[in-house]
Amino acid sequence: MHRVRRWVVRHSRVFEMIYRRFEPVLVKLAPLWRRLGHERVEAPVRMVEKAAKGALFDCQMCGQCILSATGMSCPMNCPKTMRNGPCGGVRADGHCEVKPDMVCVWVDAWEGSRRMEQGDLIHVVQLPVDHRLTGSSSWLRVVRQRDGTASSTANRETTR
């Protein structure tokens, strides 16, 4: 899994471009999502999202995806789940202090962000994870935010 995650980071600009084309399609389908009911489509969309993002990014389905702000490196893969940069325990070789065989998620995030058009988003301070949203679809949350139907719980910043 580490190999795939690192490959994605090296190709973060391509994944950024793919998502920029994918998100508007999801948003255009907002009337369909509303008609079917967000609760009803949550499970199948979540299943597809988990499969796709799990295979590529080792997604942990936090429900508040920020891949586009972290160089396509999921910060939830950090053993300490650091959401706003490295913990200070990054070894001199860029590896994690908790899992020495793993490159720090934030070393990858910085590398990936430098390749992306909107790479400066890595400097945006992220809100803490709302664990009530764990396991839910961040794709549908983005749709609800864009079309104004997001609930107060889901009104947190989610980029991807």
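Student: Which backbone oxygen does the side chain of T70 reach?

Tutor: Happy to start there, keeping in mind that this is a predicted model. The contact made by the side chain of T70 has a distance of 3.2 Å.

Student: Is T70 buried or exposed, and where is its place?

Tutor: Its place is in the loop between α4 (38–57) and α5 (105–115). Setting aside residues up to four places away in sequence, T70 touches P75, W106 and A109. Buried means under 20% relative accessible area. T70 has a value of 1%, so T70 is buried.

Student: How are α4 and α6 oriented to each other?

Tutor: The axes of α4 and helix α6 (residues 138–146) come within 8 Å and cross at roughly 125°. Angles over 145 degrees count as roughly antiparallel and 65 to 115 as roughly perpendicular, while the rest above that range are oblique. The two helices, α4 and α6, are therefore oblique.

Student: Which residues in α6 meet α4, and how many charged residues has the contact?

Tutor: From α4 come H38, V41, E42, V45, V48, E49, A52 and K53, and they meet S138, W139, L140 and R144 in α6. By class, the contact has 6 nonpolar and 2 polar residues, and the number of charged ones is 4.

Student: How many residues has the largest nonpolar core?

Tutor: Among its members are V8, F15, F57, L67, M72 and M116. Leaving aside neighbours within four places in sequence, M72 is in contact with residues including V8, F15, F57, L67 and M116. A second, separate core of 10 residues includes W139 and L140. For the largest core, the count is 11.

Definitions and conventions:
Residues are numbered from 1 along each chain as its sequence is written. This is a predicted model: local features need pLDDT of at least 70, side-chain atom pairs count only at pLDDT 80 or more; totals for chains, interfaces and linings use all residues. Side-chain values use heavy atoms; hydrogens and water are left out. Helices (H or I, at least four residues) and strands (E, at least two) are DSSP runs, numbered from the N terminus. Buried means under 20% relative accessible area, exposed over 50%, partly exposed in between (1.4 Å probe, protein chains only). A polar contact is a pair of N or O atoms within 3.5 Å; within protein, one must be able to donate a hydrogen and the other to accept it, and residues adjacent in sequence count only if both atoms are side-chain atoms. Contact means heavy atoms within 4.5 Å. Axes are lines fitted to C-alpha atoms, for helices over the stretch in contact, and angles run from 0 to 180 degrees between N-to-C directions. Angles under 35 degrees count as roughly parallel, over 145 as roughly antiparallel, 65 to 115 as roughly perpendicular and the rest as oblique. Ala, Val, Leu, Ile, Met, Phe, Trp, Tyr, Cys and Pro count as nonpolar, Asp, Glu, Lys and Arg as charged, and the others, Gly among them, as polar. A nonpolar core is a set of buried Ala, Val, Leu, Ile, Met, Phe, Trp, Tyr and Cys residues joined through side-chain atoms within 4.5 Å.
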